[in-house]
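Student: I have a model open and want to go through the packing. Can we take it piece by piece?
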Amino acid sequence: MAPYKVILQVIIFCHLSWLLAGCSGIKEIQSEIYVTALGMDYTDNKYHLYLQAVGFNNITGSEPDIAKEPAPIVIGHGEGETIQEAMDDIEKHSVNPLYYGHVQAIFISKNILEGQLDGFLDYFSRNYYLRYNTLIYAYDHDIKEIMNVRGLFYKPPNLTFTYDPKEQLFFNTFFPTITVQNIIKRFYEPIGSLMIPTIDVTDNYWDEDSDSKKILTISGAYFLVNQQLKGWLQEEELSGLDWFNKEFHNMKLSIKDKAVSMSIDDIKHTIKIVDGKAPKYDVELDVKASITENPKNLTRKQIAQQTESIIASQIQQTFNKGLEINADVFNLSEKAYRFKSKTWTNEEIKNLTNDSIHQITVNVFVKDGGAVKIIK
């Protein structure tokens, strides 16, 4: 074999050997801190940033949904005059490199909403580790307590509904989810309002190992209009939003004084603009329901009529509560802004009153009585 061929084979072999070592620079899973959530506050002219990290023990195994002991939760805190300074403050005091590619939720305080949300969005758009489908929640509580709440059966926080709300949405229609992308889309709109759900801690529903178990819950929502925070409404005041939820899957409704319980199977709604000196709106809903409990044997007609009254009342009450804080909770004005912008000025479109909903029409069809025989 010619000498130059031998030299060529040696060169090729050396290059291929480097490829075999291509994974040598990859860090072991335990050598980095995997951040799962961010918390942000603004007080005393400084940003306060909180990082939540979860250990990987007890997350996977033969029974991943039930851990044998609580998974460790680590909370980091840094502060600075900018968000990046606060982030740098944490990183300088981190015992391991931080990885932000697994951030699933961000909790922002009322103080951020009152004047710093624009800065948050600017920072987010420049951080290539953070994803635009990250869920956003507001809080007016101790952020460290929120971040230290585990799920039932010792589940780590990143396996609870705040990080993946799809299962919760199946049982709870009022669960308004919003992502960073949604906020960017609505924050600069001249019409309508931006709703950000608020998270809180409660121990009223579950016990674990004979002790009250703290869980996270949606307590209500903040509303912003033209980049300004207008106010907060509690969950009970927002019941009318149930009937406009595009992510509707399943909802329970009861006629309490009649002991009737039902499952809402399908909702279709339309909103029509009524011309006049100021825009008004006709709201119509078609609802299908199945009875799950009817011990007093009400007729289908009675159940339908009372359900229609309940739904219409919830919609009107929620709309009125929004007006009290100068917020268009249903974003009705967006309809006129998109399709009738030449008919009214922006101020006329935004100027909603108690009469802006011209008419609410609800048609309820009771499909069946489930396991209970009811009178037609």
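Student: Which residues have the most contacts inside the largest nonpolar core?
Tutor: Phe-223, Trp-243, Met-262 and Ile-264 have the most contacts inside that core, which has 44 residues. Keep in mind that this is a predicted model.

Student: Switching to helix 2. Which of its residues are buried?
Tutor: Helix 2 spans residues 83-92, and Ile-83, Ala-86, Met-87 and Ile-90 are buried in it.

Student: Where do they sit around the helix axis?
Tutor: Looking down the axis of helix 2, the buried residues fall within an arc of 100 degrees, so they line one face of the helix.

Student: What covers them?
Tutor: The cover includes strand 1 (33-43), strand 2 (46-54), strand 3 (73-80), strand 4 (98-99) and helix 4 (117-126).

Student: Now the rings. How many aromatic pairs are there in the whole structure?
Tutor: A search finds 10 aromatic pairs. One of them is Tyr-100 with Tyr-129, a tilted pair at 6.3 Å centre to centre, with 55 degrees between the planes.

Student: Where in the chain are those two?
Tutor: Tyr-100 is in the loop between strand 4 and strand 5 (105-109), and Tyr-129 is in the loop between helix 4 and strand 6 (135-139). They are 29 residues apart, and the pair links distant parts of the chain.

Student: Is Tyr-100 buried or exposed?
Tutor: Tyr-100 counts as buried because its relative accessibility is 6%, and the cut-off for buried is under 20%.

Student: Which residues do ring pairs link into a cluster?
Tutor: Tyr-34, Tyr-99, Tyr-100, Tyr-128 and Tyr-129.

Student: Last, the overall numbers. How many helices and strands?
Tutor: The protein has 10 helices and 13 strands. Of its 376 residues, 42% are buried.

Student: What share of the contacts join residues at least 24 apart?
Tutor: The share is 70%, counted among contacts between residues at least 6 apart in sequence.

Student: And the surface, what does it come to?
Tutor: The accessible surface is about 20900 Å², and carbon and sulfur atoms account for 50% of it.

Terms used:
Residues are numbered from 1 along each chain as its sequence is written. This is a predicted model: local features need pLDDT of at least 70, side-chain atom pairs count only at pLDDT 80 or more; totals for chains, interfaces and linings use all residues. Side-chain values use heavy atoms; hydrogens and water are left out. Buried means under 20% relative accessible area, exposed over 50%, partly exposed in between (1.4 Å probe, protein chains only). Helices (H or I, at least four residues) and strands (E, at least two) are DSSP runs, numbered from the N terminus. The arc is that of the directions from the helix axis to the C-beta atoms. Contact means heavy atoms within 4.5 Å. Rings of Phe, Tyr and Trp (its six-membered ring) pair if their centres lie within 6.5 Å; planes under 30 degrees apart count as stacked, over 60 as edge-to-face and the rest as tilted. Accessible areas come from the Shrake-Rupley method with a 1.4 Å probe; for residues, only the protein chains shown count as cover. A nonpolar core is a set of buried Ala, Val, Leu, Ile, Met, Phe, Trp, Tyr and Cys residues joined through side-chain atoms within 4.5 Å.
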